[in-house]
Amino acid sequence: MAAIVVQSILIFLTVMIAILLYALPSGRKKQNLPLCFFLLLTALHSLTDLTIDSPLFGSAKIHLVVGPFIFLYAPLLYFHYCRLFDVEIKKVESHFAIFGIFLVYHLLWGFSHTIFFAVFSMQYLYYSIWIGRLVKIRQKEKPIKRIWILFITYSFGLVWLFAISANVFSQLNYEPLASWTELIAYISAVILFCGFIYFTMSQPSLFMQVRVAVSNQIRYEESTDRRVKKQMLTLTELLTKEKIFSDPELNREILAQKLGMDVQQLSKEINQHFKMNLSELINQYRISEAKILLQNQELNIKEIYYKTGFQSRSAFNNAFKKQTEKTPSEYRKTL
């Protein structure tokens, strides 16, 4: 009795979520529509509990008509994938071919567990593999999109795997095993539903336009970008006008304090803005200054490297040769 109550609640919530996803004022209706049909179909099959055994002709049981609809699950998930990733759906009618074939079969000969479930399993497996490959190709997309589509595709397939296995065991008269497998299928369905609730609550941008959040994010990024550009401009002025590179004690901590930045952030922004690390940037300015000073023949090499912030002649020579392919003495001779 408790299981029936829980299942009834899940069916009700599934229908409500399907309606909500489509009725959201800022919802992505075109994208959500296949998913809404998918959910409604799940609720419908939960109600009928796969008890279709007779053909429609000669029987007044309305629930018999839902049998062939199992062949819509995989195409609907594929359509949801295409709209989620903005992929054009080619040859739409071809995806409904199996459904059409088994609709006719069902009307004429009724529901066959063996045939229907065997073909459905192969169809769903094919679409699952195809969706998995397509998701793998879309590496540049947001990870949450890929996680969502893989979760719903494979977890739903797992539920049906256990449900079909339970039916097979029942057909083979392994009733205890069939009961346990059916219980696992039911638990898997509950987990699937809980996961669905988690995604809809924690990732609303998957199903609707979250304009405020996006707008705030853009403003934050623009504000951060302006601040960083200003800090890098200040750094350039400190190096060109104040010539702080001439201080041999200059390091990341001192520079970060002057710019009001975190040490790690300073290194990151210098790498992004100047395409080199801090040491390379400082040495670039020191060597540029040294080239100017080398034109003054009255200054010896030792005076020049002290004036430009180097603490030893060897460090000066190595840095100078790295940039000019000449030692300071060799460079002076070319002037």
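A: Helices here are DSSP runs of H or I with at least four residues, and strands are runs of E with at least two, numbered from the N terminus. On that basis the protein chain of this predicted model has 14 helices and zero strands. Of its 335 residues, 39% count as buried. Among contacts between residues at least 6 apart in sequence, 66% join residues at least 24 apart.

The largest nonpolar core has 48 residues, and the members touching the most others are Leu-21, Phe-38, Tyr-73 and Trp-148. At least two residues of this core come from each of helices H1 (2-23), H2 (29-48), H3 (73-84), H4 (97-109), H5 (113-137), H6 and H7. In soluble globular proteins, nonpolar side chains tend to be buried together.

Two of the contributing helices also pair with each other. The axes of H6 (residues 143-171) and H7 (residues 175-202) come within 8 Å and cross at roughly 160°. Angles over 145 degrees count as roughly antiparallel, and H6 and H7 are therefore roughly antiparallel to each other. Their crossing is left-handed. By class, the contact of H6 with H7 has 20 nonpolar, six polar and two charged residues.

Methods: Residues are numbered from 1 along each chain as its sequence is written. This is a predicted model: local features need pLDDT of at least 70, side-chain atom pairs count only at pLDDT 80 or more; totals for chains, interfaces and linings use all residues. Side-chain values use heavy atoms; hydrogens and water are left out. Axes are lines fitted to C-alpha atoms, for helices over the stretch in contact, and angles run from 0 to 180 degrees between N-to-C directions. Angles under 35 degrees count as roughly parallel, over 145 as roughly antiparallel, 65 to 115 as roughly perpendicular and the rest as oblique. A crossing is left-handed if the near helix is turned anticlockwise from the far one by less than a right angle, and right-handed if clockwise. Ala, Val, Leu, Ile, Met, Phe, Trp, Tyr, Cys and Pro count as nonpolar, Asp, Glu, Lys and Arg as charged, and the others, Gly among them, as polar. A nonpolar core is a set of buried Ala, Val, Leu, Ile, Met, Phe, Trp, Tyr and Cys residues joined through side-chain atoms within 4.5 Å. Buried means under 20% relative accessible area, exposed over 50%, partly exposed in between (1.4 Å probe, protein chains only). Contact means heavy atoms within 4.5 Å.
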